Amino acid sequence: AQVTVAANIVDEATIKVTIDTYRMSFFGNLLPAGGFHTHVEATAMTMGKSPLCVLVMGPSAGDDLHLTGGSQLQAPCLVHGNQNLTVDAGAALTATESEAGLTATGPITPSANMGAPVIGDPFTALNTSFPTNCTQAPGSNNVNITANQTLPAGVHCGSMTVVGNTVLTLGPGEHYFGGNLTLKGGAQIAGTDVVMIFAKGVTLDFKGASSISLVGRQSGPLAGFVLIDDRAD
């Protein structure tokens, strides 16, 4: 057969390849009339051209990113899952780009790329271990915070509950929580140049109309992080 191959650059991240073939027909150009013609095309798109901000890297089939109910994830960056991205009918995932190692289903805007390469843990050399052992259990020695205050960086072993419309401001630096942190009512956590690091088994629980507004750590080995949970969790 005569083969013609063409590769066209659609944009900076897309190449379209087309292949056309022609072969003479049988019986003096009768079967089929005009000969055999085939046309195939494929489009190759760059994956991961946006900054990565959500990475689901578990090695097992159940280590998926799954949005349920009416939940929404809005990301001005790349969302990547080594396994599946699953978004239920009432939920929504909107990102600059999204990609999955296996399948992507549900309301995802724009449509996700599938068959993406596996991304390993980029933070294996990062030390996120708790600096000291808190002697009490995560849910014990609870302190109710009912007035606006600033919590200096450091190790916080006891559990805390922020209630009412109280604003708990986290001072700049690393905050290690060895006890549970609970927000109720219209309570708020705020802070700039802050990272929250949770020990194994510790929970961060938002109830009612409570909210969190943090700007992540701006210097040091944990620059860019806002929340870090123990790897064993």
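At 23% relative accessibility, Glu174 counts as partly exposed (buried means under 20% relative accessible area, exposed over 50%, and partly exposed in between, with a 1.4 Å probe and protein chains only). This is a predicted model, where local features need pLDDT of at least 70, side-chain atom pairs count only at pLDDT 80 or more, and totals for chains, interfaces and linings use all residues. Residues are numbered from 1 along each chain as its sequence is written, and side-chain values use heavy atoms, leaving out hydrogens and water.

So what does Glu174 hold on to? Glu174 makes a salt bridge with Arg217, their closest N and O atoms being 2.8 Å apart (a salt bridge is a side-chain nitrogen of Lys or Arg within 4 Å of a carboxyl oxygen of Asp or Glu). Glu174 lies in strand 17 and Arg217 in the loop between strand 21 (211-216) and strand 22 (227-229), so the pair ties together parts 43 residues apart in sequence (strands are DSSP runs of E, at least two residues, and are numbered from the N terminus). Arg217 is buried at 15%, and it also forms a salt bridge with Asp193, at 2.7 Å between the closest N and O atoms.

Phe177 and Phe198 form a stacked aromatic pair, 5.5 Å centre to centre with 20° between the planes (ring centres of Phe, Tyr and Trp, using its six-membered ring, lie within 6.5 Å; planes under 30 degrees apart are stacked, over 60 edge-to-face, the rest tilted). Phe177 is buried at 1%, and Phe198 is buried at 6%.

Key
Helix = DSSP H or I, 4+ residues; strand = E, 2+ residues; numbered from the N terminus.
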